Amino acid sequence: MSLIPLAGGSLKAIRKTIEGCEVSSQYKMRLYSAFLVGGISKPFRLAEDFVVNKKSKTITDPAQPLFILGHWRSGTTLLHNLLTQDPDFGYVTTYQSVFPNVTLSGKWLFKNFMQLAMPDKRPADNVKLSADFPQEEEFALGNIHGLSYYNFWYFPDEARNYFSKYLTFEDLNPAEKEYWKASYKQLVKTAILNTKRKNIVLKNPPNTGRIDTLLEIYPNAKFIHIMRNPVTVYLSTKRFFEKTMPALQLNKVEEKRFIENIFWVYEKLMDKYEKDKVLIPEGNLYEFKFEDFEKEPLTFLRKIYTELKIDNFHTAEPHFVNYLNSQKKFKMNKHKVDKESLDLIMQNMENYCQKYEYNVPDNIEIM
């Protein structure tokens, strides 16, 4: 049994997501299942609107939310999992990311259903999964209104269109962008209510290209950007997408287009980040490399708190140590690549390797 995240969307959001797209006949049962669950959840969504709207009035928007930025497979998940060990930091849970419209009102039903349907580990890298674990919020946004870059998981051939519409908002009309921003604020408030913590840390790779929009919502937000070797990022991203997409897609994409999209998105995302990071108020951005962080995670966590002037590192530190100790047996994937593929990677990534001072990693096996 498996659960497609689209099943957690409202009927309106599901219709928006598939608008103008062709669902392959082999995947139509997935779509029917999503509509079925969406219909069942409707009464709970009405209750949620009442409960959340009432409770949201008791809390204010966080003045300085902490955003973790970085391309997929750059170490953002590890950093997110670590920072959420801090008792002060709330987060979007995996359950909320799939069922954002019934996070509080329908938890007793849909959370149990989700836990049964989801695997214990991510198929691409064996990272543990649980409905209560921290998760990125992009699926949640799609299930609220359908204006999500992660629509590409369902229709991978449309990745570039979704990038310009729902990641950078270049091709999105102003009214829909304002709706996206309002929904984002509400999602964050609900996450704070759900986790019962006073601040929030959010990890979402698409946000790497949304600094300008995030600052419109939270002018004093703080940001962490984690960089990783572009060659490793490409290989890991390709593997992750190949392992994950079959369980989510509603249509297919040709292999050549799939590979070209990974390179295209990397270039556009990183260029947008470099262009917009100057907008971040002085002292509110901390950048570092995953390879350094991996060697001394506690040292870099301390630097994050110091550089961004986040209080209570001494309170959070024991929780960080416990989590790091629990992960000592975890082994990362090793990558193999043939010479022709490596040449293609370097053709597309060489400029970024030079810019960020990286070479071809020694731990990659070239066949």
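The expected span of a helix is 1.5 Å times one less than its number of residues, and helices (H or I, at least four residues) and strands (E, at least two) are DSSP runs, numbered from the N terminus. With that in hand, please look at helix 14, residues 313–326, which has 14 residues and reaches 20 Å from its first C-alpha to its last, close to the 20 Å expected at 1.5 Å a residue.

Before I go on, a word about the model. This is a predicted model, in which local features need pLDDT of at least 70 and side-chain atom pairs count only at pLDDT 80 or more, while totals for chains, interfaces and linings use all residues. Residues are numbered from 1 along each chain as its sequence is written, and side-chain values use heavy atoms, with hydrogens and water left out.

In general, an α-helix has 3.6 residues a turn, so residues three or four places apart point the same way.

Now to helix 10, residues 230–244: its 15 residues should span 21 Å at 1.5 Å a residue, and its end C-alpha atoms are 20 Å apart, which agrees. Is helix 10 mostly covered or mostly open? It is mostly covered, because 12 of its 15 residues are buried, among them Pro230, Tyr234 and Phe241. What covers those buried residues includes helix 11 (255–276), strand 6 (336–337) and helix 15 (339–355). At the start of helix 10, a side-chain oxygen of Asn229 comes to within 2.9 Å of the backbone nitrogen of Val231.

Next, the strands, where two strands pair if DSSP finds at least two bridges between them. Strand 1, residues 66–69, pairs in the parallel sense with strand 3 (residues 199–203) over three bridges, and Leu66 has Val201 as its bridge partner there. Strand 1 also runs parallel to strand 4 (residues 222–227), joined by four bridges, with Phe223 as the partner of Phe67. Leu66 and Ile68 point one way from strand 1 while Phe67 and Leu69 point the other way, and all are buried.

Finally, Thr94 lies in helix 4, residues 94–98, and at 6% relative accessibility this residue counts as buried. Leaving aside residues up to four places away in sequence, Thr94 touches Met114, Met118, Ser130, Ala131, Phe133, Pro134 and Gln135.

Definitions and conventions. Buried < 20%, exposed > 50% of the residue type's maximum accessible area, 1.4 Å probe, protein only. Contact = heavy atoms within 4.5 Å. Polar contact = N/O pair within 3.5 Å; in protein donor to acceptor, adjacent residues only side chain to side chain.
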